[in-house]
Amino acid sequence: MSKLYVFGIGGTGARVLKSLTMLLAAGADCGADTIVPVIIDRDTSNKDLSRTELLIEDYIIVNEIAKTNGKNRFFNTKIDLLNGELCLKLIDNTQKFDEFIGRNSTMSQENQALVDMLFSKETLKLDMTEGFQGNPNIGSVVLNQFDDNDVFKAFGTSFKDGDKIIIISSIFGGTGASGFPLLRKILQTPNVKGVDGKELDNWGLVNKAPIGAISVLPYFIVGSPTDGSLVNSDTFIDKTRAALSYYKTEDKKIDTLYYIADKLTTIYEHHKGGDTQKNDAHFVELSAALAVLDFVNPENNSKNFHRDTKNNIERTTYKEFGINANIQKLSFNNLTDETKRLIVNPLSRFLLFAKYMGYTVVKENNNGKEELVVRNVENNDIFEKEHKFQPYAHKRFTSDFRKNNNIQKLESVQEKFFEWLLEMDKQEHKFSPFNLLASSATDFIEGDLKIVKPDNLKYKNWAKVDNELNRQIHKIDKACENDSRFIELFYRVTEALINYKN
Amino acid sequence: MSIIRNIYSWLSPMYGNELYEYLKGNDCDGVFIGPDHFLTIGLIMIGISLLVFIAYYYLINHPRYNRWYHWGTFLFLTGIFNLFIGFGYTYSKLNGGNIPACFTYSQIEATDDGSIFGVDGTEILFNSNCWQFGLANAIIAIAFFIIFTFAFKWWSRNCKHSPLF
């Protein structure tokens, strides 16, 4: 049972983890049995972080019922948390950067003068509770305290031979740019000790573990600041250049380094952090999540890992993500065959499942402005309309079934999945493989990929789905619990109706 | 096949004893001379009920037609087909002169050459009896449809819980 430890640093790390969780919920193939996510962020009130946290909590609950011993691949990969926590909280009670380094309390006059030369007044007075606001020079000082953390110790304790590590970060922010090299350094430093002076468990294994990193280059800019923020997207490219020149020193210290970037940038509202920092999902984050799956795919071992006989890294593999066409609105047609094989079936099948349960995108009027939002619409809720009449649901999936906590969590993920797709569809560089407004069971995939079993004379639209549900129910192990049977059933049905091959 | 005849006999008050005796295959003295028309009509009736049942549960077998009123429609169709078949069969016999006068008139006379004819004005078998027989045929067909439903619907993929979910 191999694990992949995924360290997501900062807001980008949290959003990539969210995309990864969505892919796993949809049943994308993962070469690891278990994913252990850890988010490192000083800004624990960050809305992106809390959205990812809630999603992962729901996923973990649904994963328990997804173990059907059948064909099911939805929520198939286990997600485990270290010490039951997602976020590696950095321990200290200081708020401003000058308090953290003790400028006014413990430093001599000479050291104070040195600090004043290295950091500007604004930087010294920076309130770090909402992150480092694009200052990796602060991050590299503050983040140098991983080894004292309980979650980090739990990481060492749980690490086994054969497990892998991957670090996800942005290169143009504050937390990510500083966090990645620091974390890599600690992971490969021998005999790291905790505050108690004891060496962290299994650290020898951690030092030599297969390790990868995903570095996300600028893919968005922010508008003018409104809350005293120091983030300035004019400096993103310069910071990227500076970080990239530093990352040359990571050569032969990482097995595989993925660079993910997008030239077509989106403009996000400017929020320095906290619960207002909530960026819409972007295709770049999905690409970064695909890089995680590429890293653990056993078929890529010969490309991703080059070690000598002493298990030292001989050379680093550098990878980028590419698409077939440089256009503003991407559909499945514009992805390479390899990417299509990974995501077409899982995303389409899970979306069909969510649509059957009534989730869809509707236009709503909000303060005079028309917006697209995700809702559960009674008229689209085929399950609610049909379960009273269909044999597959008879005495199994009754009206009370949806009140079951596991099923409510499943539907919560389905709703978030729809929102995730909608957010990517709204970006400047759109990822729009689906017509999210379509109410039909068959015509929701954009482009000319004909992968949904066509209507025949007898069964059209949602009747086709119900027919398949009634057919498949008898093939499922009767020993399965009802909620597990539900997931297994819908996986089999969506697999029978949607089958992309290339 | 006396079972089929017995079933039709339960409803003979509806369509008249005379018609019943004729369809049974009896002569004017109550002796069986054949053919047993109930056998013919009965087998057609059972065949149609079975076909409509199979069409609903196994040929159409549609997840959008598994409400009780869809089943009710096919039940009604079974009845209607057999109503017209029952009527048509007896009507053709009545108006084709196939039914002996002893069953169609209350008073009969014999001609010099020995042939029997009914006295005008004493008719006892009318077209309305044919409709009544059609109705009886429909009722029996509906009963068979219901029996087939509850005996053999369980293998239908989409309709096995129709009409009672």
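This is a predicted model: local features need pLDDT of at least 70, side-chain atom pairs count only at pLDDT 80 or more; totals for chains, interfaces and linings use all residues.
Okay, let's start with a pair of helices: the axes of α1 (residues 10-26) and α13 (residues 337-356), both in chain A, come within 8 Å and cross at roughly 80°. For the record, axes are lines fitted to C-alpha atoms, for helices over the stretch in contact, and angles run from 0 to 180 degrees between N-to-C directions. Helices (H or I, at least four residues) and strands (E, at least two) are DSSP runs, numbered from the N terminus.

Residues are numbered from 1 along each chain as its sequence is written, and chains are lettered from A and ligands numbered from 1 in the order in which they are written.

So who touches whom here? On the α1(A) side we've got Leu23(A), Ala25(A) and Ala26(A), and they meet Ile343(A), Pro346(A), Leu347(A), Arg349(A) and Phe350(A) in α13(A). Contact is C-beta atoms, placed from the backbone, within 7 Å. By class, that's seven nonpolar residues, no polar ones and one charged. Ala, Val, Leu, Ile, Met, Phe, Trp, Tyr, Cys and Pro count as nonpolar, Asp, Glu, Lys and Arg as charged, and the others, Gly among them, as polar.

Next pair. In chain A, α16 (residues 461-472) and α17 (residues 482-497) have axes that come within 9 Å and cross at roughly 125°, which makes α16(A) oblique to α17(A). Lys464(A), Val465(A), Glu468(A), Leu469(A) and Gln472(A) of α16(A) meet Leu489(A), Arg492(A), Val493(A), Ala496(A) and Leu497(A) of α17(A).

Zooming out to domains: the assignment, automatic or from a database, gives chain A a domain 1 (3-91 + 134-322) and a domain 2 (334-497). Between them, 33 residues of domain 1 of chain A are in contact with 34 of domain 2 of chain A. On the domain 1 side, α1, α2 (47-65) and α11 (283-296) of chain A each supply at least two residues, and α2(A) gives the largest share, six residues.

Last, the chains: ten residues of chain B are in contact with eleven of chain A. The chain B side divides into two nonpolar, four polar and four charged.

Note on methods:
Two residues are in contact if their C-beta atoms, placed from the backbone, lie within 7 Å. Angles under 35 degrees count as roughly parallel, over 145 as roughly antiparallel, 65 to 115 as roughly perpendicular and the rest as oblique.
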